[in-house]
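Subject: Structure handover

Hello,

Here is the structure I promised you. Please open it first, then read my notes below.

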Amino acid sequence: MGPQLKVVEKARTATMLCAAGGNPDPEISWFKDFLPVDPATSNGRIKQLRSGALQIESSEESDQGKYECVATNSAGTRYSAPANLYVRGKDVGSA
């Protein structure tokens, strides 16, 4: 199961879901705009959950992009269909 299109308000938490089964259990990794996502460089804002999902806290415009999850085990590698994450500014009431 791959991620779905998601729209999140700026500063809110976005969760991109991913699930894969296999024997042995696959390792799940994430790509954003075809580059690997490295949670270690996000100051704790981006975490990969045990379920394989990617959680982005306090989302920023720079988090917007095309996300793919990748499942890898000894049998091979499978890429999900890409899903876009859009981060929008808070709505301002009309005058």
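A disulfide is a covalent bond between the sulfur atoms of two cysteines. To count as one here, the two sulfur atoms must lie within 2.5 Å. Keep in mind that this is a predicted model.

**The disulfide**

A search of the whole structure turns up one disulfide. Cys18 and Cys69 form it, with their sulfur atoms 2.0 Å apart. The pair links distant parts of the chain, as Cys18 and Cys69 are 51 residues apart. Look for Cys18 in the loop between β2 (14-16) and β3 (27-32). Cys69 sits in strand β7 (residues 65-73). The link of Cys18 and Cys69 is right-handed, with 75° about the S-S bond. Both Cys18 and Cys69 are buried.

Now find Ser80, in the loop between β8 (76-79) and β9 (83-88). Is Ser80 buried or exposed? Its relative accessibility is 14%, so Ser80 counts as buried. The cut-off for buried is under 20%. What is Ser80 in contact with, leaving aside its neighbours within four places in sequence? Cys69 is one of its contacts, and Gly2, Pro3 and Glu68 are the others.

Leu5, Val7 and Tyr86 make a nonpolar surface patch of about 300 Å². Of these, Val7 lies in strand β1 (residues 6-9).

Best wishes

Note on methods: Residues are numbered from 1 along each chain as its sequence is written. This is a predicted model: local features need pLDDT of at least 70, side-chain atom pairs count only at pLDDT 80 or more; totals for chains, interfaces and linings use all residues. Side-chain values use heavy atoms; hydrogens and water are left out. Patches are made of residues with over 30% relative accessible area and no salt bridge: like charges are joined within 9 Å, nonpolar side chains (Val, Leu, Ile, Met, Phe, Trp, Tyr) within 5 Å. Accessible areas come from the Shrake-Rupley method with a 1.4 Å probe; for residues, only the protein chains shown count as cover. A salt bridge is a side-chain nitrogen of Lys or Arg within 4 Å of a carboxyl oxygen of Asp or Glu. Helices (H or I, at least four residues) and strands (E, at least two) are DSSP runs, numbered from the N terminus. Buried means under 20% relative accessible area, exposed over 50%, partly exposed in between (1.4 Å probe, protein chains only). Contact means heavy atoms within 4.5 Å.
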